[in-house]
Every structure is written in structure tokens, then in C-alpha cells.
Amino acid sequence: MQDHDSSPLTDYIEYPVEEMRLRSENFYLDIKRRHSIRNFSDRPVPKDIIENCLKAAATAPSGANHQPWHFVAVHSSDIKKKIREQAEFHERGFYEGRAGKEWLGALKALGTDANKPYLENAPWLIAIFSQKKGGISSTEKNTNYYVHESVGIATGFLINALHTSGLVTLTHTPKPMSFLSKVCGRPENDRAYMLLITGYPSEDATVPQHALVKKPLNEIATFL
């Protein structure tokens, strides 16, 4: 490697192999309880819990460590209402034919449609934005690298953090999503990446049977 400023690795913890095995199994058993939920309670979730989850997301690796993301945590009822109105407007066009028969056919098993009441019911919406320009400092305007990959990893961290905290989530990508930039007051440099709904599940929350089908290891992984 080339010469560069660095610090010793001091916070790594090595576990005995048997403990590693147990920890990996326990993590799998816990994360497999994560489900995409569309029935949310309006029970409040303290802001500091969301803040901790966002800080966890911000530890994700990114291209050149530019951290090309911005999270807008929406609690305001007025803003959530605006987001729902805009999302449902665009989703109606999507479900009325813009998506195409194949895409709509793939969604049928999930029971989704243009109605998105959870956008108002859930206590928090987290609008995730990617940034074309930036850098290690918020004042920099350099080119960001591997933006899509970096924001995707950070989003995964965030979903995991919310799940670990005891909340449920739903990833939502209305087509198009450009309205989020205006509603959330983001600059031109920010591009809407995903809308993450989070909170407690309602008492009548369900999980589509289709969503419980996961491919076995031998279909998703190859060991060479």
C-alpha cells in the first residue's frame, strides 16, 4: 500500500471459533425475523432511537469514504401527508398500467396497490438521498464514487439497526421519487434513493406467504 495517515486497529474483538459460530447462527436467527410490514401502528417512537440507528447507518463503508448519503427523518404529520399524497398520485399511474403486465404480475402475490396509508400511520419516514458531489467534509464538492453501492450498503445497515432496536420497516420506492427532494427541501445535488417506513407493527399486521419463501443457500452461494 502507499504511504498514508493511519491509526492502529484497537477496537477489533477476536472471538473463539465456537463463539463465532454461535454468534453467526444467532444473528441469522434474529435477522430472519425481519419482515417487510405494511400495517403500522401509530405508536410513537422516541427520536433518540432513530438518531442512534442513523448513526449506525453512517458507519457503512463508502467509495473513498465520501459517505454520499443524506437521511431525512420525517415525523411531521403535515410532511407525511404531503409525501403520501404525492406517492399515491404517482403509484396510481404505476398500477394503472405504467408498470407493465409482468411487473404488476410479480407484485400480485404481495397484495400491493396504490393505497399507502402507512405513509401517514407510521411514526417515522426516513427519506434516503444519494449525493453526486461531496467528500469527507460537507463543504466539499468533489465527485463521489460508487454512490449507488455505498448508499445501498448504508441503507442495509439502517434496516438492520432498526430491526435490532425492535422496530419494523418497509422499503418503498414510488415511481418516480423526485418529489421527495422538493417535499424534504433537499438541494439539486441530492437524488431520492429510497423511502424507509419504520415504527411498530399494528396488531393486525401480516406477512405475505410469498415473502416468506427464501432461496436455499445452494442457490444463492457458490464456494470455490
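Which elements cover the buried residues of H2? The cover includes S1, S2, H6 and S6, where contact means heavy atoms within 4.5 Å. What you have here is a predicted model, in which local features need pLDDT of at least 70, side-chain atom pairs count only at pLDDT 80 or more, and totals for chains, interfaces and linings use all residues. Residues are numbered from 1 along each chain as its sequence is written, and side-chain values use heavy atoms, with hydrogens and water left out.

**Overall layout**
- The protein has 8 helices and 6 strands, taken as DSSP runs numbered from the N terminus (helices are H or I with at least four residues, strands are E with at least two).
- Along the sequence, these elements follow the order α-α-β-α-α-α-β-β-β-α-β-α-β-α.
- Along the principal axes, the C-alpha atoms fill a box of roughly 55 × 45 × 40 Å.
- Among the 224 residues, 34% count as buried (under 20% relative accessible area; exposed is over 50% and partly exposed in between, with a 1.4 Å probe and protein chains only).
- Of the contacts with a separation of 6 or more, 81% come from residues 24 or more positions apart.

- The buried residues in H2 include Ile50, Cys53, Leu54 and Ala57.
- Seen down the axis of H2, its buried residues fall within an arc of 100°, so they line one face of the helix; the arc is that of the directions from the helix axis to the C-beta atoms.
- The axes of H2 (residues 47-57) and H6 (residues 147-165) come within 8 Å and cross at roughly 145°. These axes are lines fitted to C-alpha atoms, for helices over the stretch in contact, with angles running from 0 to 180 degrees between N-to-C directions.
- On the H2 side, the contact is made by Ile49, Ile50, Cys53, Leu54, Ala56 and Ala57, and on the H6 side by Ala154, Phe157, Leu158, Ala161, Leu162 and Ser165.
- By class, this contact has 11 nonpolar residues, 1 polar and no charged ones. Here Ala, Val, Leu, Ile, Met, Phe, Trp, Tyr, Cys and Pro count as nonpolar, Asp, Glu, Lys and Arg as charged, and the others, Gly among them, as polar.

**The nonpolar cores**
- In the largest nonpolar core, which has 22 residues, the members touching the most others are Ile50, Phe71, Ile126, Ile128, Leu158, Leu162 and Leu196. Such a core is a set of buried Ala, Val, Leu, Ile, Met, Phe, Trp, Tyr and Cys residues joined through side-chain atoms within 4.5 Å.
- Two or more residues of this core come from each of H2, S1 (69-74), S2 (124-131), H6 and S6 (190-199).
- H6 gives the largest share of this core, 7 residues.
- Another core, of 21 residues, lies apart from it and has Ile37, Leu125, Cys184 and Ala192 among its members.

- Glu91 lies in H3 (residues 77-98) and is buried, with a relative accessible area of 5%. Beyond its neighbours within four places in sequence, Glu91 contacts Ala114, Lys116, His172, Pro174 and Lys175.
- Gln131, in strand S2, counts as buried at 15% relative accessibility. Leaving aside neighbours within four places in sequence, its contacts include Trp69, His70, Asn144 and Asp190.
- Pro117 sits in the loop between H4 (101-108) and H5 (118-121) and counts as partly exposed at 33% relative accessibility. With neighbours within four places in sequence left aside, Pro117 is in contact with Arg84 and Glu88.
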